[in-house]
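Please read the following report with the sequence and the model side by side.

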Amino acid sequence: MTRQLILERAVKEIQDGMCVNLGIGMPTLIANMIPNDFNVMLQSENGLLGIGPYPQKDEVDPDLINAGKETVTAKAGASFFDSAESFAMIRGGHIDLAILGGMEVSEAGDLANWMIPGKMVKGMGGAMDLVQGAKRIVVIMDHVNKHGESKVKKSCTLPLTGEKVVHCLITELAVFHFSEVGMELIELQNGVTLDEVKSKTEADFTISPSIEIKA
Amino acid sequence: MSKLLSSFESAIEQIEDGATIIVGGFGLSGIPEKLIIALRNKGVKDLTVVSNNCGVDDWGLGLLLENKQIKKMIASYVGENKLFEQQFLSGELEVELVPQGTLAERLRAGGAGIPAFYTATGVGTEVAEGKEHKEFDGRTYIMEKGIVGDFAFVKAWKADHFGNLVYRKTARNFNPVVATAGKVTLVEVEELVGTGELDPDEIHTSGVYVQKVLVGNDYVKRIEKLTTANA
């Protein structure tokens with residue numbers, strides 16, 4: 001339910017004509033929600049621009065996977081390339097948008113999403129490249145952890161993926177934008193009050209005038 | 001002199017303990033599965049292996065872990081492998097985690113004779129610790145070094161006798177940059193064609209980078225996460 005709320009808001013960040021990288025896990029689910037009349041090219045950093053739907057059983061091909069190692073298809077207009085070129089696209093600023101999962105986001109727009117010290121280190125994969133290279137970084141995550149503690153922090157406690165890299169944060173409670181002047185609450189999710197967001201957010205943020213009026 | 005070899009055993013004859021081996025593939029897709037098995041059978045130890053991932057417990061580079069042949073692993077993502085975790089925590093295995101794009105570029109640079117380059121990836125994170133920082137046009141970058149290996153293991157779809165290569169779909173992944181970054185590059189393919197049969201416009205890797213070509217049979221091509229439209 002929370003997940004659906006986050007995903008439905010996140011898909012609105014995608015505009016017709018964009019080249020987009022969706023992170024592994026929850027962000028991957030956004031692929032199915034992109035409007036059919038949009039011409040959007042999804043990038044998979046293992047070397048595919050133009051990810052298609054999951055294959056039918058008889059179309060499964062071990063030589064055609066996404067960055068999450070799932071079998072996929074390639075849509076019309078797709079291209080294949082090697083890993084260096086894939087990251088040249090990312091680092092060179094040719095990918096319009098990356099939507100990534102998060103563990104913590106700070107009020108400065110720092111992101112931590114790759115490692116929890118003391119637990120097994122899996123590695124950062126392409127996340128550190130994406131946050132520095134894609135034109136716009138949207139992070140989607142639950143607002144609080146399972147202990148009820150805010151994941152939207154004054155400063156991140158986990159090892160960073162990137163400093164001041166997040167442009168937009170979407171949770172089940174609210175949407176925030178980040179800029180030179182700081183973190184700003186720009187939307188409340190349906191049925192959520194400003195007081196609830198304030199009480200569940202450790203970070204300091206300003207409130208967009210449009211919300212003050214509604215509240 | 002022909003680059004074509006008939007046995008995987010003879011292909012890896014020169015590889016000794018302590019060698020640095022760069023290996024293509026992403027997850028289990030496009031991995032040089034026959035060369036890895038030959039190396040497991042040979043049993044050389046204290047290897048430094050550079051590859052995006054480290055296979056799974058019983059396949060791909062996981063076979064070398066199982067046999068305790070890897071001393072140091074340089075990779076971007078190793079989360080699919082329990083043996084890896086055990087050997088890392090017990091201190092048997094040294095690990096250098098590298099962002100995926102930085103890994104690809106370090107191999108590209110190594111293969112292209114570029115000793116180092118600057119990138120914004122990793123700035124402000126533990127990846128940047130101990131590395132040179134430099135500003136260009138107001139943005140901070142860190143210096144990363146190119147990688148060259150003693151040997152490179154590559155999997156391609158087709159080769160001709162000169163070693164020109166064509167890859168298939170996303171099985172291309174790291175293979176083209178890996179091919180450039182080995183002092184000795186060994187390539188295994190599903191199909192060997194006559195020289196001149198590949199359209200020069202469609203060759204992904206020039207044979208100039210390739211020292212030996214082997215043809216493998218009965219590729220396993222294990223799938224890590226089978227996902228279908230009906231699932």
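## Confidence and conventions

Chain B has an average pLDDT of 96, and 100% of its residues score at least 70; pLDDT is the predictor's confidence in each residue, on a scale from 0 to 100. For the complex, the predictor gives an ipTM of 0.96 together with a pTM of 0.97. Where pLDDT is low, predicted coordinates should not be read in detail.

This is a predicted model, in which local features need pLDDT of at least 70 and side-chain atom pairs count only at pLDDT 80 or more, while totals for chains, interfaces and linings use all residues. Residues are numbered from 1 along each chain as its sequence is written, chains are lettered from A and ligands numbered from 1 in the order in which they are written, and side-chain values use heavy atoms, with hydrogens and water left out.

## Helix 1 of chain A

Helices (H or I, at least four residues) and strands (E, at least two) are DSSP runs, numbered from the N terminus. A residue is called buried under 20% relative accessible area, exposed over 50%, and partly exposed in between, using a 1.4 Å probe and protein chains only. In helix 1 of chain A, which covers residues 2-11, the buried residues are I6(A), L7(A), R9(A), A10(A) and V11(A). These buried residues pack against several strands of chain A, among them strand 5 (97-101), strand 8 (137-140) and strand 12 (182-188), where contact means heavy atoms within 4.5 Å.

## A three-stranded sheet in chain A

Strands of a sheet pair through backbone hydrogen bonds, either parallel or antiparallel, and two strands are said to pair if DSSP finds at least two bridges between them. In chain A, three strands form an open sheet in the order 7-6-9, with mixed pairing. Its edge strands are strand 7 (111-112) and strand 9 (152-153), each of which pairs on one side only. Strand 6 (residues 104-106) and strand 7 of chain A run antiparallel and are joined by two bridges, and E104(A) has A112(A) in strand 7 as its bridge partner.

S106(A) also lies in strand 6 of chain A, and it counts as buried because its relative accessibility is 0%. If neighbours within four places in sequence are left aside, S106(A) is in contact with K153(A), K154(A), S155(A), C156(A) and F178(A).

## Salt bridges

A salt bridge is a side-chain nitrogen of Lys or Arg within 4 Å of a carboxyl oxygen of Asp or Glu, and by this rule there are 23 salt bridges over all chains. One of them joins the side chains of K169(B) and D61(A), at 3.2 Å from N to O. This pair crosses between chains, from K169(B) in the loop between strand 9 (165-166) and helix 6 (175-180) of chain B to D61(A) in the loop between strand 3 (48-51) and strand 4 (74-80) of chain A. K169(B) counts as partly exposed because its relative accessibility is 28%, whereas D61(A), with a relative accessible area of 8%, is buried.

Within chain B, the side chains of E105(B) and R108(B) meet in a salt bridge of 3.1 Å, N to O. The two are three residues apart in helix 5 (residues 100-111) of chain B, so they are separated by about one helical turn. Salt bridges that share partners also join D61(A), D63(A), K155(B), R168(B), K169(B), E190(B) and K221(B) into one network.

## Positive phi angles

K221(B), found in the segment after strand 11 of chain B, has a phi near 45°, a positive value in a residue other than glycine. K221(B) counts as buried because its relative accessibility is 18%. K164(A), in the loop between strand 9 and strand 10 of chain A, has a positive phi of about 50° although it is not a glycine, and at 67% relative accessibility K164(A) counts as exposed.
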